[in-house]
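Here is a short report on one protein chain. Please keep the sequence and the 3D view open while reading.

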Amino acid sequence: YSYGLDQAIRDRVCRTPKIVAIDNENISVREDDNEYRYKSFEALLTESTCSYQQVLNNTDLINQLIKKSATQLESLRKIQPDAGALIVAASIGHAVKISELLKSLTGDDSIVVTHLHEDAQKIIQDFRSSSDKWIISVGMISEGTDIPRLRVCCHLSRVKTELAFRQVLGRILRSTGKRDSQGYLFMPAEPNLIRFAK
């Protein structure tokens, strides 16, 4: 017997996923004295030597994802005051950078949790029962972590497997039983992630 997402949404076990892929039609890359232009992240990643990690580290991309996520979170918190957001980062340094950009753009503080924190599970549990807005994780909030108040997620991990994508998406799909509840995932328009989203 297969119990799929469609049925889980009908049974109000899961939220309806809303996935927003951010792309760029005017990417400029300077290499030595040359400038190259690309019309999408897909073109950039297939036609240049630029790596996905370099895309993830781009401040403009991070800012765009934060702005869109923050706008969505604020809208949700008008209805659900304890709604929270998860940002999945690529590394500890990346998480710190994202936390600083988030503070600068929105004025919001965030909780960063990584495998280096001895009390990582307590930090996650404290966030679960709080009304704090943001938690930034490096591989800590994955399958089995149940925080139903998470409604928004920024996917900025370098891991691009289907299993990892499903696990990240699953963090915002745990329903609280409301009929029209939705979970929002914001991500770069990386070809593998687009395929998994479809």
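## Overall form

This is a predicted model. The chain holds 8 helices and 8 strands. Its radius of gyration is 17 Å, close to the 16 Å that the globule rule gives for 198 residues, so the chain is as compact as a globular protein of that length. Along the principal axes, the C-alpha atoms fill a box of roughly 55 × 40 × 30 Å.

Of the 198 residues, 45% are buried. Taking contacts between residues at least 6 apart in sequence, 67% join residues at least 24 apart.

## The sheet

Six strands form an open sheet with parallel pairing. The strand order is β1-β8-β7-β4-β6-β5. β1 (16–22) and β5 stand at the edges with a single partner strand each, so one side of each has no neighbour in the sheet. On average, neighbouring strands are turned by 20° against each other, direction ignored.

Several pairings can be traced residue by residue. β1 and β8 run parallel and are joined by 7 bridges. Within that pair, I22 has P188 of β8 as its bridge partner. β7 and β8 are also parallel, with 3 bridges. Here C153 stands opposite L185 in β8. β4 and β7 pair in the parallel sense over 5 bridges, and I87 stands opposite C154 in β7.

Is β8 enclosed or open? In β8, 6 of the 7 residues are buried, so this strand is largely enclosed by the rest of the structure.

## Helices against the strands

β4 and β7 also meet a helix. α4 packs on the sheet and touches β1, β4, β6, β7 and β8 (182–188). The direction of α4 makes about 170° with that of β8.

Which residues of α6 are buried? In α6 (residues 120–128) they are A120, I123, I124 and F127. Seen down the helix axis, these buried residues fall within an arc of 95°, so they line one face of α6. The spacing follows a general rule. An α-helix has 3.6 residues a turn, so residues three or four places apart point the same way. The buried residues of α6 pack against β4 (84–88), β5 (110–113), β6 (134–137) and β7 (150–155).

## The nonpolar core

The largest nonpolar core has 56 residues. L44, I98 and L185 have the most contacts inside this core. Helix α4 (residues 59–77) gives the most to the core, with 7 residues. In soluble globular proteins, nonpolar side chains tend to be buried together.

Leaving out residues up to four places away in sequence, L44 touches I27, V29, Y38, C50 and V55.

## Two loop residues with positive phi

Most residues other than glycine have a negative phi. R12 has a positive phi, near 60°, and is not a glycine. R12 lies in the loop between α1 (5–10) and β1. R12 is partly exposed, with a relative accessible area of 36%.

D32 is not a glycine either, yet its phi is positive, about 55°. D32 sits in the loop between β2 (27–31) and β3 (34–38). Is D32 buried or exposed? D32 is exposed, with a relative accessible area of 75%.

How values were computed:
Residues are numbered from 1 along each chain as its sequence is written. This is a predicted model: local features need pLDDT of at least 70, side-chain atom pairs count only at pLDDT 80 or more; totals for chains, interfaces and linings use all residues. Side-chain values use heavy atoms; hydrogens and water are left out. Buried means under 20% relative accessible area, exposed over 50%, partly exposed in between (1.4 Å probe, protein chains only). Helices (H or I, at least four residues) and strands (E, at least two) are DSSP runs, numbered from the N terminus. The arc is that of the directions from the helix axis to the C-beta atoms. Contact means heavy atoms within 4.5 Å. A nonpolar core is a set of buried Ala, Val, Leu, Ile, Met, Phe, Trp, Tyr and Cys residues joined through side-chain atoms within 4.5 Å. Two strands pair if DSSP finds at least two bridges between them. Axes are lines fitted to C-alpha atoms, for helices over the stretch in contact, and angles run from 0 to 180 degrees between N-to-C directions. The radius of gyration is taken over C-alpha atoms; the globule rule is 2.2 Å times the number of residues to the power 0.38.
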